[in-house]
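Here is a friendly note to read alongside the model. Please keep the 3D view open while you go through the points.

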Amino acid sequence: MMEIPAGRWVLRPWRVGDESALAKYANNRNVWINLRGTFPHPYTTEDAAAWVQAQKDRDPPMHFAIADAGEAIGAIGLTLQSEVHRRSAEVGYWLGEPFWGQGIATEAVRALTAYAFEQFDLLRLEAGVFEWNPASARVLEKCGFTFEERLPWTDTKDGQTIDQLLYALVRE
């Protein structure tokens with residue numbers, strides 16, 4: 001099975017058996033508050049099973065578990081753009097709260113960035129961060145992403161309309 005080294009962790013495709021760990025770490029309001037509206041809350045084992053099933057057998061994989069030898073502790077992935085944006089992709093990621101502040105997200109973003117530029121004909125990776133999430137902005141900056149712009153009042157989450165901070169990394 002494919003694994004991408006990310007420090008002491010690996011990025012690997014989602015597999016049957018990840019559902020309980022996925023539900024355990026994803027069913028957390030502090031995780032949910034920083035993610036897109038399609039990410040459910042509460043996050044159930046049914047949600048986890050549907051996600052794992054949807055990712056199974058994708059070739060090449062674009063969504064990965066961030067894992068140690070024991071379990072998946074978070075997620076990271078690419079969304080390839082299309083049409084005139086076809087050489088760009090969006091990066092998204094999250095970690096279970098017990099693993100915050102340990103540099104894991106930084107290692108995972110570095111590993112995914114290398115994979116994205118090696119595996120796909122991409123020139124640009126971008127990531128949007130809600131204005132209230134400076135930790136995620138720091139992860140991107142440590143990985144060489146540049147702050148491009150503040151998009152005022154573009155996102156509505158948890159009843160609040162907020163700014164999105166757009167970060168990008170362009171391959172030379």
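The points below walk through some salt bridges in this predicted model.

1. Let's begin with the overall count. Searching the whole structure turns up ten salt bridges. As background, side chains of opposite charge can pair when their charged atoms come close.

2. Take lysine 24 and glutamate 71, whose side chains form a salt bridge at 3.2 Å, N to O. Lysine 24 sits in helix α1 (residues 19–26), while glutamate 71 is in the loop between β3 (63–67) and β4 (72–80), so this pair ties together parts 47 residues apart in sequence.

3. Next, look at arginine 29 and aspartate 158, where the N to O distance of the salt bridge is 2.2 Å. Arginine 29 belongs to helix α2 (residues 29–32) and aspartate 158 to the loop between β7 (146–157) and β8 (160–170), so parts 129 residues apart in sequence are tied together. Arginine 29 is partly exposed, with a relative accessible area of 40%, and aspartate 158 is partly exposed too, at 36%.

4. Arginine 36 and glutamate 90 make another salt bridge, at 2.5 Å, N to O. The two come from distant parts of the chain, 54 residues apart: arginine 36 is in the loop between α2 and α3 (45–55), and glutamate 90 is in strand β5 (residues 88–95). Arginine 36 is partly exposed, with a relative accessible area of 48%.

Methods. Residues are numbered from 1 along each chain as its sequence is written. This is a predicted model: local features need pLDDT of at least 70, side-chain atom pairs count only at pLDDT 80 or more; totals for chains, interfaces and linings use all residues. Side-chain values use heavy atoms; hydrogens and water are left out. A salt bridge is a side-chain nitrogen of Lys or Arg within 4 Å of a carboxyl oxygen of Asp or Glu. Helices (H or I, at least four residues) and strands (E, at least two) are DSSP runs, numbered from the N terminus. Buried means under 20% relative accessible area, exposed over 50%, partly exposed in between (1.4 Å probe, protein chains only).
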